[in-house]
Amino acid sequence: MNSEISNLNFERAILSALIYHPEVFEEISAKLSPMDFSMPFHQYVFDVMNELFKEELPIGEDFLRSRLLKIGKFEEALMLDILAASPIANYESYINEIKEYARLREFKQLAHQILQNIQREENLSDTLHLLHKGLERVEEGGRELFNIVTLGEIESKEAEFICKGWLPFPKDTVSLVTAGGGVGKSFLLLQAAMRMAKDENLKIFMWLSEDPLTLSKYRFEMIAKQILESDSHLFEKNIHLSGADSETIHFLEEGRAGVSISSKFYQFKRALKSYDVIILDPLIAMFGGDENNNSHARLFINMFTRWATKEKKTIIFIHHGAKNTSQSRGASAFVDAVRLVYRVEYIKDDKGETVEEENRYVILDKDNNGARKYLGSNRVKRQIYPKKKSRVEIEYS
């Protein structure tokens, strides 16, 4: 840490990111203020950005230059330093670092004031008052723990759902679909995505990380033709895919200091900014932590929950069941932290033999938001595979 208690490279990087990616300004400005920056020129730049944003003007180099020249605060060399800053991915760590330095500077100023009081032999009670007031101010400069509102400020509203007519999922939160291997959970979600696109015009991203894209396309076409009786081209605009050909991303990273959120998570969020629904298969391929550690599982789900709530995303994870079962495997926090859990099972007769091969039971294991109202029952039957032709029909044809 230098004598100025600041990291000018971090400040330049954040300001540069806002110039080149103004779409993130609202998110970042909610966490930073002009006084969090140590250099006066950086404070002026951020303050002008705030003004331009409120006036719905571009936060670009030309508008910044013009406004700063107008108020007599423009400095060419310092602006060039900002524009030349290295691009960043993990905004959160930079913001936290800048705010931490700002609090340290404020604490240093408080310590200087207290020392002056002591040297002037000020009244002890006055010095203690200054200390307590200053500490409270420094503490308030930290991150908010939670948001408190009065009951009267809250709008009464039922939870909203998508795909209500076939397989309801709560909007703007995280859900889980679990099943054993080969039961058909991916097929179930493929059809759900197609219904969301067709019936509600939602834009959907699916990362089916275990399957090649060619196989997923084949399955889409089969579902469209043989189950939905629709042209597969109707879904091409609204459903976008990644598959086994893309390198899997771990959103948590384990290191000596423990587990932390990977910078790739923030890149991932920005890449999917325009999507309404995000379906990730399977959860464990993108996890990166200890599958049986509840703290890791809770951190993982909670970071997706915050994303879903803040940016209005409906996020659905496909999760493998424990060995030889359809129950969710790994830490219990995977289930505890989501709002809805569906379990997919074979339909079997009294002898335990699988029947109705094209259908599966979908069982509502967890329902915090009221999906049963639309589902009609805690266990429903859904067709996920095309019906097979009988032997007679094949011979006749």
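The buried residues of helix α9 pack against α8 (185–200), β4 (204–208) and β5 (239–242), where contact means heavy atoms within 4.5 Å. Those buried residues are Ser216, Arg219, Phe220, Met222, Ile223 and Ala224; buried stands for under 20% relative accessible area, exposed for over 50%, and partly exposed for values in between, with a 1.4 Å probe and protein chains only. Helices (H or I, at least four residues) and strands (E, at least two) are DSSP runs, numbered from the N terminus.

A note on the model: it is predicted, so local features need pLDDT of at least 70 and side-chain atom pairs count only at pLDDT 80 or more, while totals for chains, interfaces and linings use all residues. Residues are numbered from 1 along each chain as its sequence is written, and side-chain values use heavy atoms, with hydrogens and water left out.

Let's turn to helix α3. Its buried residues are Phe41, His42, Gln43, Val45, Phe46, Val48, Met49, Asn50 and Leu52, and their cover includes α1 (8–20), α2 (25–29), α4 (61–70) and α5 (76–83). Both α9 and α3 have a span close to the expected one, which is 1.5 Å times one less than the number of residues.

| Helix | Residues | Length | Span, first to last C-alpha | Expected span |
|---|---|---|---|---|
| α3 | 40–54 | 15 residues | 21 Å | 21 Å |
| α9 | 213–226 | 14 residues | 20 Å | 20 Å |

Some backbone details are worth a look as you turn the model. Just after α3, Glu56 takes a positive phi of about 60 degrees. Asp172, in the loop between β2 (169–170) and β3 (174–179), also has a positive phi, near 60 degrees, without being a glycine. Asn201 sits in the loop between α8 and β4 and has a positive phi of about 55 degrees; Asn201 is exposed, with a relative accessible area of 58%. A cis peptide bond, with omega about -10 degrees, joins Asp281 and Pro282, and Pro282 belongs to the loop between β8 (277–281) and α11 (294–311).

Finally, the second largest pocket holds about 270 Å³ of space. A pocket is an open set of points on a 1 Å grid over the protein atoms alone, where a 1.4 Å probe fits, with protein on both sides within 12 Å along at least five of seven lines; lining residues have an atom within 4 Å of a point. Of its 16 lining residues, Ser33, Met35, Asp36, Ala102 and Glu106 lie nearest the centre. Helix α6 (residues 91–119) gives the largest share of this lining, five residues.

Technical notes
Grid points are joined across faces, edges and corners, and a volume is the space filled by probe spheres set on the points.
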